[in-house]
Amino acid sequence: MGRTLQNTMINLGLQNACDEAVYQLGLDMEELEEIEEDAGLGNGGLGRLAACFLDSMATLGLAAYGYGIRYEYGIFNQKIRDGWQVWMEMCGPHCPLAQLEPHIHLLPLRMGAALGMSQVVLALPYDTPVPGYMNNTVNTMRLWSARAPNDFNLRDFNVGDYIQAVLDRNLAENISRVLYPNDNFFEGKELRLKQEYFVVAATLQDIIRRFKASKFGSTDSVRTVFDSFPDQVAIQLNDTHPAMAIPELMRIFVDIEKLPWDKAWDITKRTFAYTNHTVLPEALERWPVDLVEKLLPRHLQIIYEINQRHLDHIASLFPNDVDRLRRMSLIEEGNTKRINMAHLCIVGSHAVNGVAKIHSEIVKTQVFEDFAELEPEKFQNKTNGITPRRWLLLCNPGLAELIAEKIGEDYVRDLSQLTKLHKFVDDDLFIREVAKVKQENKVKFALYLEKEYKVKINPSSMFDVHVKRIHEYKRQLMNCLHIITMYNRIRRDPAKLFVPRTVIIGGKAAPGYHMAKMIIKLINAVAQVVNNDPVVGSKLKVIFLENYRVSLAEKVIPATDLSEQISTAGTEASGTGNMKFMLNGALTIGTMDGANVEMAEEAGEENLFIFGMRVEDVTELDRKGYNAQLYYDRLPELKQAVDQIKSGFFSPNDPNLFNDVVNMLFHHDRFKVFADYEAYVKCQEKVSELYLNSKAWTKMVIRNIAAAGKFSSDRTIKEYARDIWHVEPSDLKIPPPNEPRDAGQDKTPNGTAA
């Protein structure tokens, strides 16, 4: 979620008044804002997307709740020591300024075997207000904290094991202790499954309590009380992490509310919808049956029943097709029987969507091909978006104001109005003003870097920025090879014209991800050599940004000239950083992957620096067999760069330090860095050439900003509301609290999206 204070002031229309009031007290608002810690309750794009969605849902007046876990320790704070990632502290406890005191009512969850005993865990709700933009609407993010009840393990206490009874309280309270720090990687740990069930069980109790308290849930007949449930409640599963909600809702309907199975299943399917966020096989959740049986035996029975009925249906449509039954089963047979959670989500939902056009196609035609063949109408696309409040107004007020001067202020709520900027592409004054705002942002960021990192950088150099989680598929290594190539070119001919660059790379590596941590070390080792070579001087600087997080993104993105979006085609489901850079006046160098494809579609491919293999090329290369050696032998500059890494040029104290990295690049690089290296370096030459022509560069920037309107999360949420949740954004004008409501306005929009 990042920081709360400034975002709240902006959405309430109070920023100028607060700035002025604080100034009158002899204080500086910006200094105060810097004191607030980020709420780091997620890992990367998935969690940040949810945060943007909350902002848009409130701004559109949807009666929506965001549910999650109130981790005591969120994503770790990253420190770089001697070029290595270390994490000496955690982001936590999570206490944003605006968090409300916990509700008095605690929800008892009978997690049973989930704690290795038949014990109750209490879920304590902490609410954070989510203000809409200038519409007098405040929604709620409700985060659950796990608590042991006061009589926890009292029986043990009564038989005399007092100490153990007190210590065992931790079994319950550990559930919300810490965020698992993996991004795009499944770690099948018992505590993680407890967390997933905890958030789901608490949330469903809350939703059902609210439904029963409404006029829709207060019918005389027990048999019909839930008939209108799917019309009043929509639950969107943000990836498979809350997939246990499907068997849990079935358990509530069948075991507690005594509904017949078929009716319960019909209501459940119409309530849930599932968003897929990744196609990487190592990221897909596959829980071992043994573990689920140990923790949640009743849920396993329900999953088996769902699977049996599902497979009976498939068998009736495709008799004797045993292989199809195997492929489509919720249970994967093998050494370890596993539950395929994505299959559970697809079968238990009425809608399934990917998060960019190309990703949704891959979902339909490759990953879940059998399911899409069975129910093609179930599969949709909902291209991701970002909130223009945080990602323009808040982080780039200079640019936001400049745009408002040209096209008015309405664009903040309707980002499609940015197309009006097209008519200013040739306006010399506007071109100069856009370039000036960018330069001011760069100078400000350069001062920040000098203060924080003690490095002096040239603000007129091109700021080439690659910030995101460190992962092989995101190919920070390819960027690193390009840095080495630029370094070698400067060394080879120091007198030759070189367009100065500051390459900025940032991101966290999961602590258990060895290769990602080696990539961080390599980038820092290369930076050490490049930044201290007198021949290079100020032509090339390399900076690894420590502890990349939302509040740091708000500083670096507005200062960026070139945005790096260079994942192997077919691996990045969408990306959202790409959209933030586009909106803030950076140009993109990228592959035809994720939302880059639609960015190129909106702005015109000629206004992005697109390079490298397309999805079809990657598929073809896989078919033929990828041979890294061929590229190494054919490309002298690639060979030189790899040889330098291999020989210890960047690690003189330990020449073998990067053996694992080199070995991976040659023998098991699933993401084919060498295959795109040549196209990438050539494309980077075109980038440098354009950067020399400031006016042509800025005109391309303006064309990009003018084409960024599609990538507002407001547009994304309107599509979810229309196509999946079947709710209408509210056009009610809600008066401020100090004005009386009109008689006709005392109602909320139909339906609740959770």
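Modeller: In this predicted model, helix α10 (residues 245–256) packs against helix α13 (residues 297–317) at an angle of about 95 degrees, and their axes are 9 Å apart. Because angles of 65 to 115 degrees count as roughly perpendicular, α10 and α13 are roughly perpendicular to each other. On the α10 side, the contact is made by I246, P247, E248, M250, R251, V254 and D255; on the α13 side, the residues are R298, H299, I302, I303 and I306. By class, the contact of α10 with α13 comprises 7 nonpolar, 1 polar and 4 charged residues.

The axes of helix α21 (residues 476–492) and helix α22 (residues 514–531) come within 10 Å and cross at roughly 15 degrees. Since angles under 35 degrees count as roughly parallel, α21 and α22 are roughly parallel to each other. The crossing in which α21 passes α22 is left-handed. From α21, the residues Q476, L477, C480, I483, I484 and Y487 take part, and they meet I519, L522, I523, V526, V529 and V530 of α22. The contact of α21 with α22 consists of 11 nonpolar residues and 1 polar residue, with no charged residue.

Within α29, the residues V661, V662, M664, L665 and F666 are buried. The cover over these buried residues includes α21 and α22, together with α27 (628–634), α28 (636–647) and α30 (673–691).

Attention may now turn to individual residues in and around α21. N479 is found in this helix. Its relative accessibility is 0%, so N479 counts as buried, the cut-off being under 20%. Apart from neighbours within four places in sequence, N479 is in contact with H466, V503, I505, E564, I566 and Y680.

Y473 is found in the loop between β14 (462–467) and α21. Y473 likewise counts as buried, because its relative accessibility is 1%. With neighbours within four places in sequence again left aside, Y473 is in contact with N184, L280, S567, T568, T571, E572 and F671. C345 lies 128 residues from Y473 along the chain, and the C-alpha atoms of the two residues are separated by 25 Å.

In the loop between α21 and β15 (501–506) lies L497. Here the relative accessible area is 65%, and L497 is therefore exposed, since the threshold for that class is over 50%. L497 and K539 are 42 residues apart along the chain, with a separation of 9.8 Å between their C-alpha atoms.

One further residue carries an annotation. An unreviewed UniProt entry lists K580 under "modified residue: N6-(pyridoxal phosphate)lysine". In the model, K580 is found in helix α24 (residues 577–583). Its relative accessible area is 7%, so K580 is buried. Leaving aside neighbours within four places in sequence, the residues in contact with K580 are R48, I386, W391 and I557.

Technical notes
Residues numbered from 1 in each chain as written. Predicted model: local features only at pLDDT ≥ 70, side-chain atom pairs only at ≥ 80, totals over all residues. Heavy atoms only, no water. Axes fitted to C-alpha atoms, helices over the stretch in contact; angles between N-to-C directions. Helix = DSSP H or I, 4+ residues; strand = E, 2+ residues; numbered from the N terminus. Parallel < 35°, antiparallel > 145°, perpendicular 65-115°, else oblique. Left-handed = near helix turned anticlockwise from the far one by under 90°. Contact = heavy atoms within 4.5 Å. Nonpolar A, V, L, I, M, F, W, Y, C, P; charged D, E, K, R; others polar. UniProt positions renumbered as here; feature names shortened; annotations may be inferred. Buried < 20%, exposed > 50% of the residue type's maximum accessible area, 1.4 Å probe, protein only.
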